Amino acid sequence: LAMGSDTAAVHERLLSDTLHSEMSAFKAANPHAEFRDFQRWKGRARRLGEFWRKSWESCKPAPLREQLKNNPALFSPAQEAEKALFRLETVSPADVLSELFELAVTSAEFVLANAIAPFTQFPAIRHVLSRSLANVHTLQHWLAEIGSAAAAHSPNRRGDNHQAAMRAAREKNLIDAIERTEYLLSLAMSLLH
């Protein structure tokens, strides 16, 4: 949605308490986390701009139970259940697939990043895994750019269909590449044991 500066300011104020609470709890649970870790955990947070980064920098770590002692209104189980049900009722299949794809890419990054270390004695395997990890990072930047572009442009049905088809073809190729990498990784891991 396109937002004017007044609308954006109101939106930021409404999000502020909840966002600070989530960030504080995240920082408390993950003491060495960086903003990009929170972005990954939150999903589409990277599309919402500089407000999120400023909020991250200004909030202090605080476990949720401590926050709830000071402000019980921060979390309402009934309200959260209503939000979840509303989301399930209104989400489009394309959005579900897109979010699942982003999750798969994040999982691939985690697996590859943790798989590289055991292969110090095998430079060729380590190189292939490092190259695959670099490709995953490129893919994550591409997904972020697509998300930013989609949020900035108004709907154009014909253009949207073409973009969706192009994205689907590219995602299919990337899924195939992740699948091949998983296969190679399983073979490489079997060589270690």
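Helix α7 contains S132. The model described here is predicted. This briefing covers the surroundings of that residue, the nonpolar cores and a pocket.

**S132 and its surroundings**

- S132 has a relative accessible area of 14%, which is under the 20% cut-off, so the residue counts as buried.
- Leaving aside residues up to four places away in sequence, S132 is in contact with L112 and T181.

**Nonpolar cores**

- The largest nonpolar core holds 16 residues, and the members that touch the most others are V105, L129, L139 and L143.
- Two or more residues of this core are supplied by each of α6 (93-115), α7 (123-152) and α8 (157-192).
- Helix α7 provides the largest share of this core, with six residues.
- L129 contacts L112, A115, I116, F119 and L185, when residues up to four places away in sequence are not counted.
- Another core, of 10 residues, lies apart from the largest one and includes L19, M23, F26 and F35.
- In soluble globular proteins, nonpolar side chains tend to be buried together.

**The second largest pocket**

- The volume of the second largest pocket is about 530 Å³.
- Its lining comprises 24 residues, and those nearest the pocket centre are V136, L174, A177, I178 and T181.
- Helices α6, α7 and α8 each give two or more residues to this lining.
- The largest share of the lining, 10 residues, belongs to α8.
- By class, the lining of the second largest pocket consists of 15 nonpolar, five polar and four charged residues.
- T181, a contact of S132, is among the lining residues nearest the centre of the second largest pocket.

Notes
Residues are numbered from 1 along each chain as its sequence is written. This is a predicted model: local features need pLDDT of at least 70, side-chain atom pairs count only at pLDDT 80 or more; totals for chains, interfaces and linings use all residues. Side-chain values use heavy atoms; hydrogens and water are left out. A nonpolar core is a set of buried Ala, Val, Leu, Ile, Met, Phe, Trp, Tyr and Cys residues joined through side-chain atoms within 4.5 Å. Buried means under 20% relative accessible area, exposed over 50%, partly exposed in between (1.4 Å probe, protein chains only). Helices (H or I, at least four residues) and strands (E, at least two) are DSSP runs, numbered from the N terminus. Contact means heavy atoms within 4.5 Å. On a 1 Å grid over the protein atoms alone, a cavity is a set of points where a 1.4 Å probe fits but cannot get out, and a pocket is an open set with protein on both sides within 12 Å along at least five of seven lines; lining residues have an atom within 4 Å of a point. Grid points are joined across faces, edges and corners, and a volume is the space filled by probe spheres set on the points. Ala, Val, Leu, Ile, Met, Phe, Trp, Tyr, Cys and Pro count as nonpolar, Asp, Glu, Lys and Arg as charged, and the others, Gly among them, as polar.
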